[in-house]
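Work through the exercises below with the structure open beside you. Try each task before reading its solution.

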Amino acid sequence: MSHMPKKNRWQVCKHCGKHVHELQWAPYFRCPFCHYLQRLSVPQRLKISVDPESWQPMVLPKQTSDSLQFPGYQDKLKDAKKISGESEAIEIGTAKIDNYPVALGIMDSHFMMGTLNTAVGAALKQIMQVSLTQKIPLILFVASGGARMQEGIYSLLQMNSILNEWQALLDAKTLVINVLTDPTMGGVSASFGFKADYVLAEDKAQIGFAGKQVIAQTSHEILPANFQTAEDLLTHGLVDQIVPRERLRSSLATLLKLHRGK
Amino acid sequence: MPKKLEEKIALVRSAKRLSAQQVISQLITDFFEIHGDRQLGDDRALTAGLGFFHGRPVTLLGVNRGANIQQRQEMNAGAVRVTGYRKALRVIKTAEKFKRPVISMLNMPGADASVFSEQHGQSQAIADLILAMGQLTVPNVTLFLGEGHSGGALAFSNVNKILMLENALFSVASPEAVQAILKNQNQTRDASEYMPMTAQQLAGIGLVDGIIAETPAKTLYERIDAGLLAALKRLESLDADALKRQRQQKFARLLSC
Ligand SMILES: [Zn+2]
């Protein structure tokens, strides 16, 4: 919870601006006044999603690479580590949900907006392999602004290199569930984001390809009020179900049970 | 003397830039155009169809920006819509059935940015095309005639061989978007000095398999013809599994360095 201010037990809701006490936030981090969800850290996500003590984190297979020595990237990474408490924008590992073993990938929007780079891409390929070889379902909690610009074409090529390997996962008789959380955008949404047997979304999550500002500037359109929300995607038939965070764990458990944990 | 990024951008965005439609009319005989995605409409930015290339049937996917104001409007200036990705997907499935190689030719800013494309699943359409191009059981080759950025361009270039005209560009985002981040860092040099995006740079890292010189202009079609033919020749002995593996390894190798 390192992105939360220490000692301060009150936190302002980013949506309605009201001060909310930490006891009222935990454990689902839904504002009691406006009902908007806060973005979760990996530990917060784990706490409400998997069986206690079942999380077995794995070391990320690839460290962050600054091969382009892009100006400002090192500072951004340093800040991201401090803010998120993570070494990169994803954690991978195995856990149990209602005693069903699962392979998990959890992205963290507090680390450079969960952007996809070579390290995150390698981690995703790794957890896919774990799911394949151990024959356990894969659940991805997606949170990402898209490809990480600072790694240029190497970030872009994660999209196709992940999908080039993803087919093996889609062909295997192993269950894959993606949970789209706020935000799921750009190169993540347009690669593995929707490539699952079931695509669930948290309520009010922003999900789309191009950013709202870019769309408004390029198309000169007035954007609909609920544009790029999980609710709008559901209306247009683009996600299977919106699952409020409070019911997410039991929904995942039900899906696992319906597939007998495979 | 190599051109500066600014000059390259001006060249590839010019109304006079060589278009996919022009290349098709010069190098392809009996071209038969295919319209529509069978769901929502027909994206005019994408010219799709089949024809003979050196006596052999091939499938063509050409993204055009348009040569005048009216065409630019019709073609959404080359920003392929959700309908374009789905049309492409449909057309490459038929190519697979009839064992025809697929040639893509691109000059596009990136994917469409509109309410329509978003609400009709542009993300999934792009992902579906990337995935299908990677798993294609017939050879696929992409020629960048101009620029191509973001996942929108990548959907057409998850292929066995990538060729670029010498002033073409391929990047994670438009040079302007990269420049905007750099400006925040008080960096004012060309975006391409910080990240590979030119044909020469991308050949250097092993992403691009061949660069086609743009001068002398008189013989450009001949060089494009020879380049595409050579690329297809090198792939014709590979079976379906070998083609998939070659694509997978091409990108994996590049990312492992
Ligand atoms: Zn609130």
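The exercises cover confidence, helix packing, cavities and backbone geometry.

**Exercise 1. Confidence**

Find the average pLDDT of chain B and the model's ipTM and pTM.

Solution. 
- Step 1. The model is predicted.
- Step 2. Chain B averages a pLDDT of 96. A score of at least 70 is reached by 99% of the residues.
- Step 3. The ipTM is 0.97 and the pTM is 0.96.
- Step 4. Keep one caution: where pLDDT is low, predicted coordinates should not be read in detail.

**Exercise 2. Two helices of chain B**

Describe how helix 2 (residues 20-27) of chain B packs on helix 10 (residues 220-235) of chain B.

Solution. 
- Step 1. Take the geometry. The angle is about 80° and the axes lie 11 Å apart.
- Step 2. Classify the angle. Values of 65 to 115 degrees count as roughly perpendicular, so helix 2 of chain B is roughly perpendicular to helix 10 of chain B.
- Step 3. List the contact residues. Helix 2 of chain B supplies Gln22(B), Val23(B), Gln26(B) and Leu27(B). Helix 10 of chain B supplies Tyr221(B), Ile224(B), Asp225(B) and Leu228(B).
- Step 4. Sort the contact by class. It has five nonpolar, two polar and one charged residues.

**Exercise 3. The largest cavity**

How many cavities of 30 Å³ or more does the whole structure hold, and what lines the largest cavity?

Solution. 
- Step 1. Count. The search finds three cavities of 30 Å³ or more.
- Step 2. Size the largest cavity. Its volume is about 60 Å³.
- Step 3. Read the lining by chain. From chain A come Ser189(A), Phe194(A), Ile207(A), Gly208(A), Phe209(A), Leu233(A) and Leu238(A). From chain B come Glu118(B), Gly121(B), Gln122(B), Ser123(B) and Gln124(B).
- Step 4. Find the main contributor. Helix 6 (residues 122-134) of chain B gives the most to this lining, with three residues.
- Step 5. Sort by class. The lining has five nonpolar, six polar and one charged residues.

**Exercise 4. Backbone geometry in chain A**

Solution. 
- Step 1. Recall the background. Most peptide bonds are trans, and most residues other than glycine have a negative phi.
- Step 2. Check Pro27(A). The bond from Ala26(A) is cis, with omega near -5°. Pro27(A) lies in the loop between helix 1 (22-25) and helix 2 (42-49) of chain A.
- Step 3. Check Pro183(A). The bond from Asp182(A) is cis, with omega near -10°. Pro183(A) sits in strand 7 (residues 176-184) of chain A.
- Step 4. Check His35(A). Its phi is positive, near 70°. His35(A) lies in the loop between helix 1 and helix 2 of chain A.

Notes:
Residues numbered from 1 in each chain as written. Chains lettered and ligands numbered in written order. Predicted model: local features only at pLDDT ≥ 70, side-chain atom pairs only at ≥ 80, totals over all residues. Heavy atoms only, no water. Axes fitted to C-alpha atoms, helices over the stretch in contact; angles between N-to-C directions. Helix = DSSP H or I, 4+ residues; strand = E, 2+ residues; numbered from the N terminus. Parallel < 35°, antiparallel > 145°, perpendicular 65-115°, else oblique. Contact = heavy atoms within 4.5 Å. Nonpolar A, V, L, I, M, F, W, Y, C, P; charged D, E, K, R; others polar. 1 Å grid on protein atoms, 1.4 Å probe; cavity = no way out; pocket = protein on both sides within 12 Å on 5 of 7 lines; lining within 4 Å. Points joined across faces, edges and corners; volume = space filled by probe spheres on them. pLDDT = per-residue confidence, 0-100.
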